[in-house]
Amino acid sequence: MTEEALEKRFQEKIDAEIKIEPKDWMPERYRRNLIRQISQHAHSEVVGMLPEGNWITRAPTLRRKVALLAKVQDEAGHGLYLYSAAETLGISREEMIEQLLSGKAKYSSIFNYPTLTWADIGAIGWLVDGAAIMNQVMLTRTSYGPYARAMVRICKEESFHQRQGYEIMLTLARGTEVQRRMAQDALNRWWWPALMMFGPSDKDSVHTAESMKWKIKRKTNDELRQQFVDVTVPQAEYLGLTIPDPDLKWNEARGHYDFGQIDWDEFWRVVKGNGPCNHQRMKARREAHEKGAWVREAALAWAEKQRRRRQKKMAG
């Protein structure tokens, strides 16, 4: 069968909502697109542990410490699910991690901003995880089976993270004047980076057209961004907090909120490695990788010992 015929049959499966599985034929561009997206997603989950991890010991109560510790642990698990999904496409976990540590692979720009106060942990849960859910619910229906199935569990856990963050913001917003100002300050600093999380505008996105054609994505970056704004503005109003956008207003004709222009120069600056915490995040990841080498070596040695034991048992 010719390449053209194979691509035609592949697209027919996609259009018929039949999941693509690891052993199925797929265009090389589809495989590369998925590896880029899934590995970037996995890297984001792991790097995303860093902004919150340094608040575990400083959380205001034992309840908050336990909840934040559980959340950070969840993010590590999400990274493992996603690395495993990407490995089904023929790339090793070691290669993906090397791409991250060398700077070749990207992770979400949102994690290159600092967490200055406890309210930032609330804002991350509410806004960052809220934005992630918008994107990830869509991915439960993505065309690649292992990715879609991994996202089902991830979305369930992310919904708890979003509620946890909103509950922190609600507590602060209903607290003292100092606490309320802290919540407003966190919203001011995280609002625009959260909107940038959905990626560049559709006209500047080089992957959107193919991702939509192959149903890797079900909605474009701008569609998801609009959905996030429409859902989040009423939540901010309930909190009694103000979205830091003077151009934000309800558009009756469109049935959506209009919102201001995103600073795309800042977005690309952070993506290219020049955000407030880019160097700090990568330094932490490299150090963790180096210090964890003995754990990986021990695990491999134990696995090899078990393999030999099984071989010997079968031979006997």
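Trainee: At what angle do helix H12 and helix H13 pack?

Mentor: This is a predicted model, in which local features need pLDDT of at least 70 and side-chain atom pairs count only at pLDDT 80 or more, while totals for chains, interfaces and linings use all residues. Residues are numbered from 1 along each chain as its sequence is written, and side-chain values use heavy atoms, with hydrogens and water left out. With axes as lines fitted to C-alpha atoms over the stretch in contact, and angles running from 0 to 180 degrees between N-to-C directions, the axes of H12 (residues 278–291) and H13 (residues 293–315) lie 4 Å apart, and the packing angle is about 40 degrees.

Trainee: Which residues of H13 make the contact with H12?

Mentor: Contact means heavy atoms within 4.5 Å. From H12 the contact draws on His 289, Glu 290 and Lys 291, and from H13 on Ala 293, Trp 294 and Arg 296.

Trainee: Is Lys 215 buried or exposed?

Mentor: Lys 215 sits in the loop between helix H9 (208–213) and helix H10 (221–239), and its phi is positive, near 60 degrees, although the residue is other than glycine. Its relative accessibility is 18%, so Lys 215 counts as buried.

How values were computed:
Helix = DSSP H or I, 4+ residues; strand = E, 2+ residues; numbered from the N terminus. Buried < 20%, exposed > 50% of the residue type's maximum accessible area, 1.4 Å probe, protein only.
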